[in-house]
There are 4 protein chains.
Amino acid sequence: MSDALLDVINAGVKIFDLGRPMFVGMPQSPNHPAFWHALPRRHGDTVRADGGSAANDLLVTGTHVGTHIDALAHVSQDGLLHGGADATAAGKGGRYMELGVHTIEPMVRRGVLLDVPAVRGLDCCEPSYEITPDDLDNATEAAGVDVGTGDVVLIRSGWGRRFSEGAASYLGTESGVPGVGARGAGWLRDRHVVAAGADTIAFEQLPAGRGHASLPAHRVLLVEAGIYIIEALDLEELATARRYEFTFVLTPLRLLGATGSPVRPLAVAATTEARDG
Amino acid sequence: MSDALLDVINAGVKIFDLGRPMFVGMPQSPNHPAFWHALPRRHGDTVRADGGSAANDLLVTGTHVGTHIDALAHVSQDGLLHGGADATAAGKGGRYMELGVHTIEPMVRRGVLLDVPAVRGLDCCEPSYEITPDDLDNATEAAGVDVGTGDVVLIRSGWGRRFSEGAASYLGTESGVPGVGARGAGWLRDRHVVAAGADTIAFEQLPAGRGHASLPAHRVLLVEAGIYIIEALDLEELATARRYEFTFVLTPLRLLGATGSPVRPLAVAATTEARDG
Amino acid sequence: MSDALLDVINAGVKIFDLGRPMFVGMPQSPNHPAFWHALPRRHGDTVRADGGSAANDLLVTGTHVGTHIDALAHVSQDGLLHGGADATAAGKGGRYMELGVHTIEPMVRRGVLLDVPAVRGLDCCEPSYEITPDDLDNATEAAGVDVGTGDVVLIRSGWGRRFSEGAASYLGTESGVPGVGARGAGWLRDRHVVAAGADTIAFEQLPAGRGHASLPAHRVLLVEAGIYIIEALDLEELATARRYEFTFVLTPLRLLGATGSPVRPLAVAATTEARDG
Amino acid sequence: MSDALLDVINAGVKIFDLGRPMFVGMPQSPNHPAFWHALPRRHGDTVRADGGSAANDLLVTGTHVGTHIDALAHVSQDGLLHGGADATAAGKGGRYMELGVHTIEPMVRRGVLLDVPAVRGLDCCEPSYEITPDDLDNATEAAGVDVGTGDVVLIRSGWGRRFSEGAASYLGTESGVPGVGARGAGWLRDRHVVAAGADTIAFEQLPAGRGHASLPAHRVLLVEAGIYIIEALDLEELATARRYEFTFVLTPLRLLGATGSPVRPLAVAATTEARDG
């Protein structure tokens, strides 16, 4: 037996880890349950007769915490979910069985990085900067790629560098946060991508001091277009490597009826081509 | 730019989902915090001025719950972790920073399925059956594969079919559960695999009525050999497809210092070869 | 300044602790989130510059867990809560603001113990035994007390002794559990008590093998009469002391909009009279 | 049967509720797991065959959250707990079995309110003000009470009014928070009180911008003297009523081995005397 995929894997791939570490106190949205972790049992607490012991964990978290994906059930507009289902009725029973995160197929598909500050000659987009369709066109051209049906598009704003500075800096409640608006979301919708991600907490542009009062890109993508949103990605290594096209891998936990899932997405590239890239 | 990996992906791959759904009441070990999920906000609770609303989740769980991976920090023997570190000292601070689940590199590597009941002419191994090195040899031969350094080996016992029957059946506290013992673990260690998985709750053989009083395969793999263990896999579709060699994908959440992580592993195969297989 | 209450307290009171200990693995209903506790920080993890350290806790639990009180919002009948409010509408927003547990006034009022097995010449009522109005009359007479408006009535079945035997014994899923039925609940309603409690997990009679399929006493008390229900009480010490009349103290946590609260109720008696009693 | 306590209760008592409401987003220390509440089941989700339904809760919280009591196990000094036990060893197993919150006896005993801003002619003590022994003496004298062995002393700083202003105001991280220091704690120790409480998040004085870097009053009370600390009390109604002496009621949850418990303490006074007071 031979497998073309395995042949490439065996020849060597470079894996870019796009997921952020999860720890107590990490930057996260205050709208969602805070991440907490503790060890109910530590080594040294008890030892079995055979000399073995097992430590374990208690985990509490929201699902829109850490690097995560939004299921279509996450957002409704005017009382309706994507596809027109009544949003209130869909949640009866405490689980979104039609559009919950368990309905997201595992992703092993083409991914594209659009490095917006790079084409704008910046390290990082300005706080509350709206990334425009022109910016997306320019980044696409600069990368020498196209964006098409079924792709996953990762939009770098540069804001991800603030993750290590803590919540006040990364959440940008005072300053606003850069990202696409309704127009940039329309650009993604028109290209029929499967998912779109960013290196910020809310994917889209947040005006200064406004918080999440209005999320037009979420509406366009999740409700109108049925496109998943991935947030809090770490795109720095990928950008530094100038790797604009890759195999994107994402496997949401199969949380029945949940509105999202923490994830650890990967960008994978064959080693030979990566050298040429 | 061209990428050999992407070329194969674009030509078509078949994805086998090896992760079980996670839901309140699913079979899980009573040694670990029970999985609970609730929606703090549902659609219909509040609507923003722009007509939008967002639903969200509160999640409580152990990390050795659902399909999951054991970090090396999970088990100690005679007070020591893999590599000889003092197990009690390693947990100071409430996180295992050296051998926690965050230290597991994302896996995109060769995987092999060993279908033990198939080579034994059974649908499912008997409760508390010890899968022997001979069984593993036979399954390897029948599959026409070899097992080598860096592989991930998935051992099917057939017990996974009981997951849908509920906790009493799947946990097998009364009946025992089939799996490898110390000898089968030694077989894996000798082949220098990176990780080993099974379709049962505890990976290894559990004698009837004994529970987890002694876990020799955990000791051999996690403590002695530094090989990760993956539990509660769904191997049925893969076995039915007789797909014995594939690209195995697993991305543990980057839970800093935790002893395990729920995961959703994949087996991926190029479509053309899969047809030939 | 002088206070008649304080004068009695200072003269000496005997406190009966009616709350059960709460610990991982204690008997609780599987319908509610399991109680879990872990220490995120232990002494020895870190020490401040001044030599001090603080340990703390992470707690996960349902509210109908351990000794607890049911708020009126806990149960609805035919879509309505006590007082006729629409039960679905009342929960909009994820909190029951009108009839949640935060609306229960702290209780410092007359309590009465009705020891049913004692008057029936038994240590413990039979599994699935229905405590009848006659039983309640007999217990009242034997205690030499009356039951009236504003009282809290604690009905002992003797089943509480099984708490220490673990969940299988105490929950009585196979055997059933003794308690009042609709008729006994009517007896309580007719006396206009404020709250009624028992030493079992569900307060009322549970037929063998039926679980919580039907809970008529909950309907009568919570929905029809607006009488709170207290469950999993420890009434053994009170019964042994033959203390049938006392000051009952109960302070639910002020959990905004929750349907119940774990509690630690007390029966308090002046020491002098307790000697006479 | 007659009971002097019940006679007073039946004659009428006034209950002052000293516990704060608990809700998602309430002010709490970021050092402890955040309070979260959700309804896994709401009315309207499912209805039993008999027309009944039950709603329930999922609760996540630290124990030093809301109005709460500190067990002696909460704090260590130089590696030792109150009484000299090794603090690290005491936590082995993940529970403090000797000095955990379950070892606190229910309190039904004399309580005294010391209204410090009232005697200083203020509405509220200044941020980071240290309440001195002289302040405590003056407040005692003004109240016309004495403080003695076995009492519970509640020290009002006026800061509790900020609870409703939200976390930034109430936590006072920037401003500091008023309270006793080591000297005030010594004053309490010398009087052999059982517990001491305040209307602030950390009981003791917090210098501006210092947070919890040093907590000398915790050391004196919890470690040296074995006196419990109660935090985040609501003392406003009691102060307005000028009720300086009362029966104090507090029943910590019996959380085995935990370092604290949320509570809902009461001040209770006989109605007749309250009118005279």
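Author: Contact here means heavy atoms within 4.5 Å. The model is a predicted one.

Reader: Fine. With that, what is A:Arg264 in contact with, leaving aside its neighbours within four places in sequence?

Author: In chain A, the partners of A:Arg264 are A:Asp17 and A:Gly19. From chain B, A:Arg264 is in contact with B:His102, B:Ile104, B:Pro106, B:Thr251, B:Pro252, B:Leu253 and B:Arg254.

Reader: Where is A:Arg264, in terms of strands?

Author: A:Arg264 sits in the loop that runs between strand 14 (260-262) and strand 15 (266-270) of chain A.

Reader: Is A:Arg264 buried or exposed?

Author: Buried: the relative accessible area of A:Arg264 is 5%, and the cut-off for buried is under 20%.

Reader: How many residues apart are A:Arg264 and A:Arg20 along the chain, and what separates their C-alpha atoms?

Author: They are 244 residues apart along the chain, with 7.5 Å between the C-alpha atoms.

Reader: Are A:Phe163 and A:Tyr170 buried or exposed?

Author: A:Phe163 is buried at a relative accessible area of 7%. A:Tyr170 is buried too, at 0%.

Reader: What about B:Phe163 and B:Tyr170, and why is that pair given its label?

Author: Their ring centres are 5.3 Å apart and the planes are at 80°, so the pair is edge-to-face. The label needs planes over 60 degrees apart. Both B:Phe163 and B:Tyr170 are buried, and together with B:Phe23 they form one aromatic cluster.

Reader: Staying in chain B, where is B:Phe16 and what does B:Phe16 touch?

Author: B:Phe16 is in strand 1 (residues 13-17) of chain B. Not counting residues up to four places away in sequence, B:Phe16 touches B:Glu237, B:Leu238, B:Ala241, B:Arg243, B:Pro265, B:Leu266 and B:Ala267. B:Phe16 is buried, with a relative accessible area of 4%. B:Phe248 is 232 residues away in sequence, and the C-alpha distance to B:Phe16 is 9.6 Å.

Reader: Backbone now. What is phi of A:Ala232?

Author: Near 60°, a positive value in a residue other than glycine. Most residues other than glycine have a negative phi. A:Ala232 is in the loop between strand 12 (228-231) and helix 8 (236-240) of chain A, and is buried at a relative accessible area of 2%.

Reader: And what is phi of B:Ala232?

Author: Phi of B:Ala232 is near 60° as well. B:Ala232 is in the loop between strand 12 (228-231) and helix 8 (236-240) of chain B, and counts as buried at 2% relative accessibility.

Reader: Over to chain D. Where is D:Gly160, and what is D:Gly160 in contact with?

Author: D:Gly160 is in the loop between strand 9 (152-156) and helix 5 (167-171) of chain D. Outside four places in sequence, its contacts are D:Arg20, D:Tyr170 and D:Asp199. D:Gly160 is buried, at 3% relative accessibility.

Reader: Overall picture of chain A: how many helices and strands?

Author: Nine helices and 15 strands. Of the 277 residues, 63% are buried.

Reader: What is the radius of gyration of chain A, and what would a compact globule have?

Author: Chain A has 20 Å; a compact globule with 277 residues would have a value near 19 Å, so the two agree. The C-alpha trace spans about 65 × 50 × 40 Å along its principal axes.

Reader: Charges: how many positive and negative side chains in chain A?

Author: 23 positive and 34 negative, with the centres of the two sets 4 Å apart.

Terms used: Residues are numbered from 1 along each chain as its sequence is written. Chains are lettered from A and ligands numbered from 1 in the order in which they are written. This is a predicted model: local features need pLDDT of at least 70, side-chain atom pairs count only at pLDDT 80 or more; totals for chains, interfaces and linings use all residues. Side-chain values use heavy atoms; hydrogens and water are left out. Helices (H or I, at least four residues) and strands (E, at least two) are DSSP runs, numbered from the N terminus. The radius of gyration is taken over C-alpha atoms; the globule rule is 2.2 Å times the number of residues to the power 0.38. Buried means under 20% relative accessible area, exposed over 50%, partly exposed in between (1.4 Å probe, protein chains only). Lys and Arg count as positive and Asp and Glu as negative; His and the chain ends are not counted. The place of a charge is taken as NZ of Lys, CZ of Arg, CG of Asp or CD of Glu. Rings of Phe, Tyr and Trp (its six-membered ring) pair if their centres lie within 6.5 Å; planes under 30 degrees apart count as stacked, over 60 as edge-to-face and the rest as tilted.
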